[in-house]
Amino acid sequence: MTADARLSVFEQLDLPDTGLTRDAYAYVDRISPAFLLHHSVRSYVFARAHAQNQGLRAGGDYDDELLFLSCVLHDIGLTEEGNGDQRFEVDGADAAAAFLRERGVEERRIAIAWDAVALHTSDGIAARKGTEVALAQAGIATDILGVRRESLPSGLADDVHVLLPRLDLGYALSDAVLAQAMAKPSKAPPLTFPGDLLRRHLPHGAHPGWYDLLAAAGWGDKPVGAVARRRAETPQEVGTLFMEYLEAGDVEGLVSLYEPNAHFVPAPGTHSTGTDAIRAAMQQMVDSGSRLKLELRDIRQVDDVALVSNNATLTGAGPEPVISTTTEILRRQPDGGWAHVVDDPFFS
């Protein structure tokens, strides 16, 4: 890299300098905000560094011009010109293919660029689709998420960032993806990167996750590998199931009402954290013949988190009933049921 402001970015970064790469750069510069242009060029620089680190030779092991084109065009689906009705990665791939086709690029190379753009958010797939596709995805991942940044040559990232500032890329790009998804939710299918972003900015349940899709499939599939038990469909039902399981002596049923790292206080000053400790506490309650009566006192729920307070009366654990007011934090689980994160009958 040459730090001379009188030189163009092509000369300073030693970019592949052809009529086609110049056209692509000018095109992206015209239709993209600066943070996307900078990201796209940095992605190529980092991809090239990864290639060198792997002992790959430009012009021999990979098509350097095509690698640049794939990187510089990879986010045009986030521009107004590239915005269509598909995921931004696919819109971008189609727009990149159209750009290259208009300039007479052969279909074999266009197909590679299409894969590189369409799959650049697809970990585990892009790496299996050919050298240019794998390198583009690697360079893009380095620039956006810092993946393999430790393998870059010393000082390279700092030098490139002086010439092409980040401009808060991670959040600026996230906002661009989200803006498209909010306007057209069809661009953010569940289980995709855009879908995950959209789900985090909508009311709980408005955009389905994996278990929501399973529940809506209509096949009636249930979780396997455990005794079939009723699921707590609401935070209030956790208390109801606790009383039922305790009366039935179902230790594993009681344990199922707690997250793996949950915190439970079975007695003042006694703290049980994690499945094994909670199982031991529940076994002790069952062995003592304890019974519990819970009466809902109050509840506050925000999306998939709930704060619950019950008036509790525990009998059988000692000569006298233990009366307390519980403080319980519950969280909706991936399967849609509710379970304790914290259960402290003596917090108050």
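In which loop does Asp 168 lie? Asp 168 lies in the loop between H8 and helix H9 (169-183). Helices (H or I, at least four residues) and strands (E, at least two) are DSSP runs, numbered from the N terminus.

Before selecting anything, note that this is a predicted model, in which local features need pLDDT of at least 70, side-chain atom pairs count only at pLDDT 80 or more, and totals for chains, interfaces and linings use all residues. Residues are numbered from 1 along each chain as its sequence is written, and side-chain values use heavy atoms, with hydrogens and water left out.

Select Asp 168. Its phi is near 55 degrees, a positive value in a residue other than glycine. Asp 168 is exposed, at 63% relative accessible area. Exposed means over 50% relative accessible area, buried under 20%, and partly exposed in between (1.4 Å probe, protein chains only).

Now go to Asp 14, in the loop between H1 and H2. Asp 14 is not a glycine, yet its phi is positive, about 55 degrees. Its relative accessibility of 58% makes Asp 14 count as exposed.

**The cores**

Select Leu 15 next, with Leu 73 and Leu 100. Of the 49 residues in the largest nonpolar core, these three touch the most other members. A nonpolar core is a set of buried Ala, Val, Leu, Ile, Met, Phe, Trp, Tyr and Cys residues joined through side-chain atoms within 4.5 Å. Elements giving two or more residues to this core include helix H1 (9-12), helix H2 (19-31) and helix H3 (34-53). H3 supplies the largest share, 8 residues.

What does Leu 15 contact, leaving aside its neighbours within four places in sequence? The list is Val 9, Phe 10, Val 41, Tyr 44, Val 45, Arg 48 and Phe 68; contact means heavy atoms within 4.5 Å.

Another core, of 25 residues, lies apart from the largest one; Ala 232, Val 238, Ala 281 and Met 285 are among its members.

**Helix H10**

Select residues 193-200, which form helix H10. Its buried residues are Pro 194, Gly 195, Leu 197 and Leu 198. They lie on the same side of H10 because they cover an arc of only 160 degrees around the axis, taken from the directions from the helix axis to the C-beta atoms. H5 and H9 are among what covers these buried residues.

**The whole chain**

Zoom out. The chain is divided into domain 1 (9-187) and domain 2 (235-344), with bounds from an automatic or database domain assignment. Their C-alpha centres lie 51 Å apart.
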